[in-house]
Every structure is written in C-alpha cells, then in structure tokens.
Amino acid sequence: MLRLEGITQVFGGLTALEDISFTAKCGEITGVIGPNGAGKTTLFNIVTGIYSQTAGSVFLGERNVSCFPPEKLARLGMVRTFQNIELFGQMTVVENVMVGLHTKSRSGIFSCAFKLPGHLREERIIRERAMHWLDFAGISELGPTEASSLPFGKGRLLEIARAMALEPRIILMDEPAAGLNSRETVELAALIRKIRETGVTVVLVEHDMELVMDVCDSILVLNLGRKLAEGTPRAIQENPAVIAAYLGEG
Amino acid sequence: MKREIVKFLLFAISVMVAPLIFKGGYLLNVLVFVGIHTMLAVGLNLLLGFAGQISLGQAAFFGLGAYLSGILTTTYSVNPWLAMALAALTVGILAFFIGFPILKLKGHYLAMATLGLGIITYIVFNEAVDLTGGPSGLSGIPNISLGTFVFDSDGKNYYLIWFFTLVTILLSLNLAHSRVGRALRAIHDSEVAARVMGINARLLKVQIFALSAFISTIAGSLYAHTMTFVSPASFGFNFSIELVTMVIIGGLGSIYGSFLGAAILTLLPEVLRAFQDFDIIVYGLILILITMFMPGGLIRGVPTGLTFLLSWLKRSRSANA
C-alpha cells in the first residue's frame, strides 16, 4: 500500500534520514518506533507531503506520490493525525468532522453564498456522515461541544474520527497515545483495530511500546536516521540491535 | 437556521426604518457611510476573520472601484451600473492573480505585501493626473439612476447603499455557515490540518481575497456615485488600518460584528466632536479599552459584560437585603 524507496532528508548539514526503504502492507497495522531523534516524525512529514525529501520516492499503491502536497494526497486516500492534535478549535466537534468530509462534497463559494438547493441537501448528508464517524470513535454525545474545550484524550479521538471521515485508504498516526492515560490507551488500541477491520491500512509512530507490540502487525525501527530493523513485534523484541539502541549500549 | 433568518430580518427592518426616525439631516449622511463601511468591513472579515489572512490594502480596492466608476462614467460616459459591474469584475480578477504570489506569504510578510499594494495604488491615484485628476480629485461623477429615478439625495442613497450592504451581509452569512465557511475557519485554526483534510488552502485563500476585493470595489463604486467626487485622500493607508480596526473591534469572524465595528468607528468621531481638540485622544483610548477588555470584539464582549453586570447587580441587591 505504502512503499518508501531510499528516503533521505538533509537539513542544512544534518542528515535526519538516510536511505530509508520500507513497505506498509495493505490492511495491516505498521508501527514505526525508535529512540528520540531517530527521525520518525521527519519520515511522517515527508510521506504526508509536509516536507519535501532530499532524495528517494514515496509510492501509494502503484503511484509515485513523492512531494505531493497534503491536499492532493488526501484526495488519493492518505490522511494523518498529529502528535499535538491539530483540531479546529473555534468549531464544534461535529463541524470538525464535517471539515473531514470536505473532499466528499463539492459546493463552491457561489452555491454556498446563494444557498442553492443542491448545497442544502449536501449539508444534510455531510452532517449525517459526520455523526456516523463521531459514533465510530465513540464520541457522538460530544457533537455540539466546542473542540477547544475537549479534554486531550477526547481531542485525540476527534482527530481520528475527522481523519476517518475522508474514508482514506491509509491513515498515518503520529504518536496517538501521547498524553493519554492507560485507560484511554486501551480504548485507543481498540479503535485502531476497529479501523483495520474497515480495511484501512494503519501506520503509527509511537513511543508506547506496550501499544505498539499489542496492535502492530509489523514494525520498522529507526535509529539516528537509519533503518535498524524491520519485522514482526516478536522478532523486534528479540533483535539484539534494537535492544542495544534502546538501552543505550550501542 | 430559523433563528438566523429571524435575526437577519430584524436587522434588515431596523435598517429600513432608521431613516424615518432620523428624518434626513446630517445623521442620515453618517448612516450612509456606516453602510459603505459595513460592506467593506464584512468583505475584509471574510478574509481576516474567517480565513485568518490580513490585508492592509483594502483601501486600494475601495479606491479602484471609486476611480474606475468615476473615470468610466465621466470621461467615457458609461452607464453607472455597467461601470460598477466592469470595475468589480476587473478588480476581482486582478486581485485573483495578484493573490497567488501575495498569499503565499504569511503573517507580517503578508501584511507588508498588502500594505505595498495599498501604497502603490495610492501613488497612482495621485500621480496619474490625466486619468484621475491627481490630488485635486475627480468631480462631476453622475448619480446612479434606475430608469428615470435618480439616487440624488442622502435619503435615496441610503436605501441604495444599504440594499447592497444587506445583500453582502446575507450572502456572507450564508457563506459563513457552509462548507466553504468551515474550510476557511479550518485554514485559520490550523492550515496544515486543513490541507491534510484535502482543502486546497492556497486556492481558497486566493478566491476569498478576490471576493473581498470584489465587495470592496462595489462599495467604492457606490461611494463615487453617492459623493459625485473622489480624491486620493479617502483611499490612503489610514483608511485600510481603520477597516482592519472595524473588523477587530466588532469581532473577528462575526458578520454582525463587522457592522458594529463599522458603526462605532464611523459614529464615534461624530460623537467625540464634543471633546474638540482632545477627540483623537479619547478615540484612541476607547479603542484601546475595547481591545483590552473585549478581545473577542464588541459582538461577544457586550453580552458577556451585560451578564456580568446583571449578576453583579443581583448580588449587591441580595447583599443589601
């Protein structure tokens, strides 16, 4: 589903990523782990079109999507969430998800300003779809709440609901468990599995090892901008190089 | 939804009735300006309050509308309505193409670029003497007429201008509560998240910039035909700043707030005449106090202030009893 070939990123004189190649298989949950500064978030920003890589290619399915802007990737079925949750704070929860349905609707400035009949029908459908996705994430009761007043954990769920509203083929989550308590993390794991059940490919960057080992089908380990290992959670846990990197023996 | 319609109707009726109460005179002339300024502020609010993009060059579009209408109707004897449409379309399209490079910039840089746009236009108004009449201005601009009915008094112009202002308000309200309005607010709150949601932020920002220029141009044309005289002094940098102030004082992202801001900033100098030489100081003081104590603008600050006052009164009364 998602294939990276020789991704290299240089910031000034610093090589943040060097020759990373890897594949996230369709319908699987893939974890990207590594100590701080390993380049996980940089890799995510490249894949999702926020940064442009120095070298290498990104393929979505068979299509080379290297350096595509995020709005174009969204239309091709790729969506992401952010480590520090990027909600639309001044809007209500349901409106946030309605923004996620932007690509599923078409009304332009003209038809919105003049309230053409097609636009009104579309609004109703969008609102219903948005409620469906809130329900999917288990926060439908929060619909009319202003997004900025949500507790962090609920904000995370909202961000996932909003991303799922695009009906993506692949969703990338940047540290979804960051800032969550243990109960919320368990709920999150259930939600991630539920997303996989809908046939969506999941890639997550995560520090919470328990979560990663629990939900992931395969794992990519980065260290100091290089690929250290790749494999099933079990294989990774027993990999001496990974253990060394994490315990600082390397 | 229903409440929105009722609110708008009440507002529209108040606008219709206002001249009957003030019965012509000087205040009516001021209210004509409140209408023009509301239109400009609402147009700017779409850009500043919704999309979160600053423009310090709105006076340029206002001026272009006024001058294009003025020149077309005097030098080339074009019908005022046609002149207005031509001006708005030309400036709207121009703004669309200028918008692409300019709106790539963010924050202070965008402010500088739009400021430059305003200054260049101002210089052209002053220096292109053959076309614009230079600093002494352009006079003899005809009034707008509808068949044999000529809008040649404050009373008539009031209804003409407020008709356009109400249409602008209505369409902007519709836009605000729609897919496009949500996309704009999304860009404002987090541009990167908006793009990840598939919103073409760059294109949408440019479109809304062009729309706000289009609205300002129409306001400019109406101004020219009402005043029958235009000169560069009305379209300087100060006026662009004043428009930004109206939007912020009224409340960013609130259409009715823009009306409040426009009304206050237009009426205040008239009221403050009583302070004579100190008027500018009092004016500044009021603006500072509003921004300090009502960061959400008058539209949000006044209701909050009133509820606070009421509960305070209630408490002090029960304390006395």
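This is a predicted model: local features need pLDDT of at least 70, side-chain atom pairs count only at pLDDT 80 or more; totals for chains, interfaces and linings use all residues.
Me: How many helices and strands does chain A have, and what radius of gyration does chain A show?
Reply: Chain A has 10 helices and 10 strands. For 250 residues the globule rule gives 18 Å, and the value for chain A is close to this, so chain A is as compact as a globular protein of that length. The radius of gyration of chain A is 19 Å.

Me: Which strands stand at the edges of the open sheet of six strands in chain A?
Reply: The strand order in this sheet is β6-β7-β8-β3-β9-β10 (chain A), and the pairing is mixed. An edge strand has a single partner, so one side of it is left without a neighbour in the sheet. The twist from one strand to the next averages 15°. The edge strands are β6 (78-81) and β10 (226-231) of chain A.

Me: Which residue of β8(A) is the bridge partner of Asp174(A)?
Reply: Strand β7 (residues 170-174) and strand β8 (residues 201-205) of chain A are joined over five bridges in the parallel sense. Within this pairing, the partner of Asp174(A) in β8(A) is Val205(A).

Me: At about what angle does helix α7 of chain A run to β8(A)?
Reply: Helix α1 (residues 40-47) of chain A packs on the sheet, touching β3, β6, β7, β8 and β9 of chain A, and its direction makes about 145° with that of β7(A). Helix α7 (residues 182-197) of chain A lies across β3, β7 and β8 of chain A. Its angle to β8(A) is about 150°.

Me: Which residue in the turn between β9(A) and β10(A) has a positive phi?
Reply: Strands β9(A) and β10(A) run antiparallel and are joined by five bridges. In this pairing Ile219(A) stands opposite Gly231(A). The two strands form a hairpin with two residues between them, and the turn residue with a positive phi, of about 50°, is Leu224(A).

Me: Which residue of β5(A) stands opposite Leu60(A)?
Reply: Strand β4 (residues 55-60) of chain A is joined to β1 (residues 2-11) of chain A by five antiparallel bridges, and Leu60(A) is there the partner of Leu2(A). Strand β4(A) also runs antiparallel to β5 (residues 63-64) of chain A, with two bridges. In β5(A), the residue opposite Leu60(A) is Arg63(A).

Me: How many of the 13 residues of α6(A) are buried?
Reply: The 13 residues of helix α6 (residues 152-164) of chain A should span 18 Å at 1.5 Å a residue, and the end C-alpha atoms are 19 Å apart, which agrees. The buried residues of α6(A) pack against β6, α3, α5, β7 and α7 of chain A. Helix α6(A) is mostly covered, and its number of buried residues is 10.

Me: How many charged residues has the side of chain A that touches chain B?
Reply: In total, 30 residues of chain A are in contact with 22 residues of chain B. The elements α2, β6, α3 and α4 of chain A each supply at least two residues of this side. By class, the side has 14 nonpolar and 10 polar residues, and its charged residues number six.

How values were computed. Residues are numbered from 1 along each chain as its sequence is written. Chains are lettered from A and ligands numbered from 1 in the order in which they are written. Two strands pair if DSSP finds at least two bridges between them. Helices (H or I, at least four residues) and strands (E, at least two) are DSSP runs, numbered from the N terminus. Axes are lines fitted to C-alpha atoms, for helices over the stretch in contact, and angles run from 0 to 180 degrees between N-to-C directions. Two residues are in contact if their C-beta atoms, placed from the backbone, lie within 7 Å. Ala, Val, Leu, Ile, Met, Phe, Trp, Tyr, Cys and Pro count as nonpolar, Asp, Glu, Lys and Arg as charged, and the others, Gly among them, as polar. The radius of gyration is taken over C-alpha atoms; the globule rule is 2.2 Å times the number of residues to the power 0.38. The expected span of a helix is 1.5 Å times one less than its number of residues. A residue is buried if 20 or more other C-beta atoms lie within 10 Å of its own, exposed if 12 or fewer, and partly exposed in between; C-beta atoms are placed from the backbone.
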